[in-house]
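Thank you all for making the time this morning.

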Amino acid sequence: MKPARRYEIFSLLLAGILAATAGCGSSSRSSSTSSGGGSTAVNNVQTITVNTGPTAGPPINSPAINEPFTSVTVCAPGSTSNCQTISGILVDTGSSGLRILSSVLTISLPQQTGSGGNAVVECLPFVHGFTWGPVQAADLTIAGEEAKNLPIQVVGSVAFPTIPTSCSGQGAEEDDLKSLGANGVLGVGIFAQDCGDGCTITGSNNPGLYYSCSSSGCQVTTESLANQVANPVIFFATDNNGVIIDLPAVTGAEASITGSLIFGIGTQSNNALGSQTIYTLDPSTGNIATRFNNVTYPNAAFLDTGSNAIYFLDTATTGFSTCTDLTFWYCPTSTQTPSATNQGANGASGTFTFTVGNADTLTANGTVGVANGLAGPNSGMFDWGLPFFYGRKVYTAIENQNTPGGLGPYWAY
């Protein structure tokens with residue numbers, strides 16, 4: 001069984017980038033707005049399946065668990081024939097941007113170039129590793145929504161085999177199915193771009209995600225907001241202000257479940273905000289606060305479908321023991337139901353009971369792709385991973401997009 005995906009703490013990593021760069025995560029990052037209700041309705045519902053994930057056969061990839069997958073169709077910009085539908089794409093509300101493994105991409109896409117005509121390549125760091133690959137353009141279709149000329153990352157392209165040490169030094173390379181555990185990532189999180197204003201400036205405050213690559217090597221470069229790998233939702237003609245994850249309730253372990261990725265908030269009859277509580281996010285971190293065991297962790301909690309468990313604190317604080325073999329998960333002797341209180345920057349709060357089960361028991365059957373109760377240690381913060389989404393609708397509003405609940409970013413549930 002693989003340890004927790006690196007996506008589960010992308011929000012924290014991004015928060016660090018935002019804190020080190022002026023204006024990132026604030027209203028300066030995006031000025032696009034939702035086209036709102038009254039537009040011609042399109043199919044805005046995409047099926048997502050939580051299962052054991054794509055594999056190339058053992059031992060190339062162990063079964064996934066608590067990871068939501070879907071399919072996307074990508075075409076060369078402007079083409080209706082040079083297209084490919086790719087399954088096994090991880091739906092991730094903890095990051096922004098579409099990333100596809102080069103090894104599964106069979107069509108040719110145009111390469112983005114920067115100054116001097118050099119190719120633009122991205123190094124996207126996660127806590128446990130990074131993805132490396134060129135920025136290319138594609139037309140994306142998902143459900144009935146279209147994102148034209150969308151900048152995406154093609155991960156692990158053989159055209160750029162030499163990774164600069166400033167990138168490779170950030171951990172393990174996550175550029176194939178074995179290491180990534182998916183054929184790609186559909187990042188539909190709270191941010192419009194995957195970096196924001198920080199990558200548009202020169203100097204030490206540039207976090208160094210984008211590179212200009214020539215025959216002599218790759219150097220960190222600036223990247224305009226318009227050219228950055230972007231949240232595909234903001235490219236839609238409508239339903240472009242956020243997403244809803246709607247998954248059924250889960251008790252214990254199951255082989256698979258099916259739910260919905262719904263595009264838009266308050267733009268059609270099937271995505272009304274309703275009575276959900278809105279939790280606005282701290283503008284400097286993009287997080288909310290969580291109170292657990294009478295201790296408040298300010299601006300240190302986030303909701304993330306790319307996390308396969310609820311990760312919180314550490315064993316000394318919680319009293320939960322980690323598993324002997326699966327040390328990244330908890331293995332209490334009996335199932336526990338602790339509670340925690342989330343609070344938004346707007347003061348809205350709610351207390352939630354969640355389940356912490358024995359990970360050894362939950363994952364003993366290799367055909368299990370779904371497990372409510374999977375949890376693990378994560379010191380000093382709360383990562384509300386996919387088990388939090390079971391049995392509830394969770395709304396993710398994108399920064400600076402108009403919604404019936406006000407401007408994003410926020411979470412609502």
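Let me begin with C167, which is buried, its relative accessible area being 0%. Please keep in mind throughout that what you see is a predicted model. The partner of C167 is C123, and the two are joined by a disulfide with an S to S distance of 2.1 Å. Because C123 sits in strand 5 (residues 119-126) while C167 sits in helix 2 (residues 165-168), this pair ties together parts that are 44 residues apart in sequence. C123 is likewise buried, with a relative accessible area of 0%, and the torsion about the S-S bond is about 85°, so this disulfide is right-handed.

How many disulfides are there in total? The count comes to five, and, if you number the bonded cysteines along the chain, they follow the pattern 1-2, 3-4, 5-6, 7-8, 9-10.

Two others deserve a moment. C75 and C83 are joined with an S to S distance of 2.1 Å, and the torsion of about 110° about their S-S bond makes the link right-handed. Here C75 is buried at 9% relative accessibility, whereas C83 is partly exposed at 27%. In the disulfide of C323 and C331, the sulfur atoms are 1.9 Å apart, and with 85° about the S-S bond this link is right-handed. C323 is buried, with a relative accessible area of 2%, and C331 also counts as buried, at 10%.

Now to the sheet, which is an open one of seven strands in the order 20-19-16-17-23-18-22, with mixed pairing. At its edges are strand 20 (349-353) and strand 22 (375-376), each of which pairs on one side only. Within the sheet, strand 18 (residues 310-313) and strand 23 (residues 378-384) run antiparallel and are joined by three bridges, and Y311 stands opposite D383 of strand 23.

Is T305 buried or exposed? With a relative accessibility of 1%, T305 counts as buried, because the cut-off for that word is under 20%. Its side chain reaches the backbone nitrogen of T93 at 2.9 Å. Beyond its neighbours within four places in sequence, T305 is in contact with several residues, among them N66, P68, V91, I245, L386 and F389.

Conventions: Residues numbered from 1 in each chain as written. Predicted model: local features only at pLDDT ≥ 70, side-chain atom pairs only at ≥ 80, totals over all residues. Heavy atoms only, no water. Pairing = 2+ DSSP bridges. Helix = DSSP H or I, 4+ residues; strand = E, 2+ residues; numbered from the N terminus. Buried < 20%, exposed > 50% of the residue type's maximum accessible area, 1.4 Å probe, protein only. Polar contact = N/O pair within 3.5 Å; in protein donor to acceptor, adjacent residues only side chain to side chain. Contact = heavy atoms within 4.5 Å. Disulfide = S-S within 2.5 Å.
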